[in-house]
Structure formats: C-alpha cells, structure tokens
Amino acid sequence: MKEITSKDLTQWLFERANFDPKAGINRNDTLLLLDCRGLKSSKCKSLLVDRHHGVISSPKETKRLLNEWFKQQTIGLLLLRAMQKLILQKDRVQSLAIVHGNAMFVPLSGATQHSTSWVAMHNLASQVYFPADRQTLRLNFKENKLDLPLIEVKANQSVFKKQYQIAQKMMLLQYQLAHCLAAEFRIEEDSFLFRRCLESVHEFNCYHPQKFLELYHLELLDSFSKECWDEKMSNEQLIRRYKEVTSKYDLF
C-alpha cells in the first residue's frame with residue numbers, strides 16, 4: 001500500500017498519467033480533480049484520478065470539466081447557490097461546494113469561480129484526516145487502480161472544513177427536498193384514475209426533467225419581462241436570453 005505526501009503529489013501523478021483529451025468526470029469513479037496549471041504544461045491543465053483508469057491528464061481546466069459534467073445533470077449551480085445562501089443566511093456566496101444527490105465535491109481552496117482542485121468526498125473510504133502540524137488533508141480513497149488509497153494534499157484546513165460542513169448541510173437539504181417532492185407528486189399506481197391514464201400511455205412522450213425545467217425557467221423569464229419591463233419577447237428572444245443567463249450563472 002503506497003502513501004504519497006503533498007510535496008510531490010501533483011508531479012508524481014503527472015508522471016504516471018495517460019493523456020486523454022476526451023476524459024471527463026465520472027460520478028462513481030472520479031476520486032480527485034487536480035488543477036495543475038502550475039506545471040506549465042501546454043497539454044495538461046488538470047489531472048483526474050480515476051478508480052479504474054488511474055491518472056488521466058486533460059488539456060481542459062477543472063472549471064471546464066465541471067461545466068461539462070453539469071450539462072449532463074438536471075440541476076446546475078443556480079439551485080446549489082440558492083441552497084447555500086439559505087444555509088448561510090447570506091445574500092451572496094463567494095465559493096461553492098457541489099452536492100448532487102449522493103455526489104459531493106468539495107474544493108481545496110476558497111475560490112471556485114476559477115479552476116481549482118476538488119475532492120470527491122463520496123468516493124472516500126473513510127473520514128478526512130487533518131494533520132495538526134501542516135496545512136494538508138489525508139484522504140483515504142476506495143480501492144483504485146493505482147493501489148493508492150492514502151493521499152496527502154495541500155489545503156487550507158479551516159477553509160476546507162467550512163466548505164465540507166456547508167456541503168453536508170446541502171446534502172441534508174437535498175434529502176429533505178427530494179422527500180417533499182416525492183410526497184407532493186406521489187401517485188397511487190393501482191388507483192382507478194392512474195390505470196385510466198395508462199390506457200393512453202402509447203400517446204405519451206417521455207421527457208427528460210432537464211427539458212421540463214428549461215420550459216419552467218422560460219415561463220419565469222417571460223413573466224418577469226412582461227411584469228417588470230412591460231416587454232413581450234418572442235420565443236427566439238426568450239431562448240437566447242435563457243441560454244445567456246444559464247451559461248453565465250448556472251455554470252462556473
């Protein structure tokens with residue numbers, strides 16, 4: 001069993017990395033996402049430590065990799081930012097942990113609007129250890145291809161602890177939200193009414209929740225434009241504005 005300390009971690013991983021320009025974040029397999037712009041490599045902007053594929057070198061910055069991952073999810077940063085504001089009781093948040101169901105990514109630094117390094121907390125095998133004599137974290141990962149369960153990374157311990165605490169509360173809030181929505185939209189499958197609905201199921205089109213939320217947001221945007229600016233936008237204008245807003249605020 002190997003143990004790598006923070007001093008040479010990035011370089012050590014970089015020397016063992018396989019270059020893959022198409023690599024992306026995997027909810028179940030990504031262990032660590034490292035910002036390695038400091039290596040001054042034209043090909044390597046980030047490193048993904050993966051349970052099954054080892055270390056992957058990517059030409060994309062961590063910010064771009066996270067945005068690509070978010071585009072595959074139903075919700076983005078707008079909801080996460082709202083949750084964190086609710087938890088902190090503040091009008092503005094400067095850094096943001098990522099919680100999406102069972103997935104939790106916590107940043108190693110306080111600034112998340114730029115590329116930074118992230119720990120996939122849901123893929124740890126045990127709790128995080130905080131050495132008393134240095135500003136590092138000791139992370140015990142699940143079994144992985146590198147046979148490297150124990151990694152020590154540089155981090156501001158106080159900032160990380162604060163972000164981790166917020167992320168834990170965000171997970172509890174999402175748990176509450178999921179159960180409330182499940183109860184509110186609960187349908188008795190053996191009810192007479194639902195069985196009647198099933199008779200016309202061949203005429204029903206299945207839609208991804210992302211599409212439903214997009215239309216909901218478009219309705220809100222249209223309502224705001226008419227109520228606040230007495231302006232009626234065309235559907236094309238609405239979609240263009242919606243894409244501009246989501247690109248700026250729903251992603252990093």
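Let me begin with one cysteine: C197 counts as partly exposed, at 45% relative accessibility. On this scale, buried means under 20% relative accessible area, exposed over 50%, and partly exposed in between, with a 1.4 Å probe and protein chains only. C197 is in no disulfide, and the nearest cysteine sulfur, that of C206, is 14 Å away. A disulfide here is a pair of cysteine sulfur atoms within 2.5 Å.

Some notes on the source. This is a predicted model, in which local features need pLDDT of at least 70 and side-chain atom pairs count only at pLDDT 80 or more, while totals for chains, interfaces and linings use all residues. Residues are numbered from 1 along each chain as its sequence is written, and side-chain values use heavy atoms, with hydrogens and water left out.

To return to the cysteines, a search of the whole structure finds zero disulfides. C44 is in none either, with the nearest cysteine sulfur, that of C36, 3.1 Å away. C44 is buried, at a relative accessible area of 1%.

I turn now to the strands. Strand β5 covers residues 54-58, and five of its five residues are buried, so it is largely enclosed by the rest of the structure. Helices (H or I, at least four residues) and strands (E, at least two) are DSSP runs, numbered from the N terminus. Strand β4, residues 46-50, pairs with β5 in the antiparallel sense over five bridges; pairing requires that DSSP find at least two bridges between two strands. S46 has S58 of β5 as its bridge partner, and three residues lie between β4 and β5 in their hairpin. Strand β2, residues 18-19, runs parallel to β5 and is joined to it by two bridges. Within that pairing, F19 stands opposite S57.

Finally, the pockets. A pocket is an open set of points on a 1 Å grid over the protein atoms alone, where a 1.4 Å probe fits, with protein on both sides within 12 Å along at least five of seven lines; lining residues have an atom within 4 Å of a point. The largest pocket has a volume of about 1,200 Å³, a volume being the space filled by probe spheres set on the points, which are joined across faces, edges and corners. Of its 35 lining residues, T74, I75, G76, L213 and H217 are the closest to the centre. Which element gives the most to this lining? That is α6, with nine residues.

The second largest pocket has a volume of about 270 Å³. It is lined by 12 residues, and R81, V93, Q94, S95 and Q113 are the closest to its centre.
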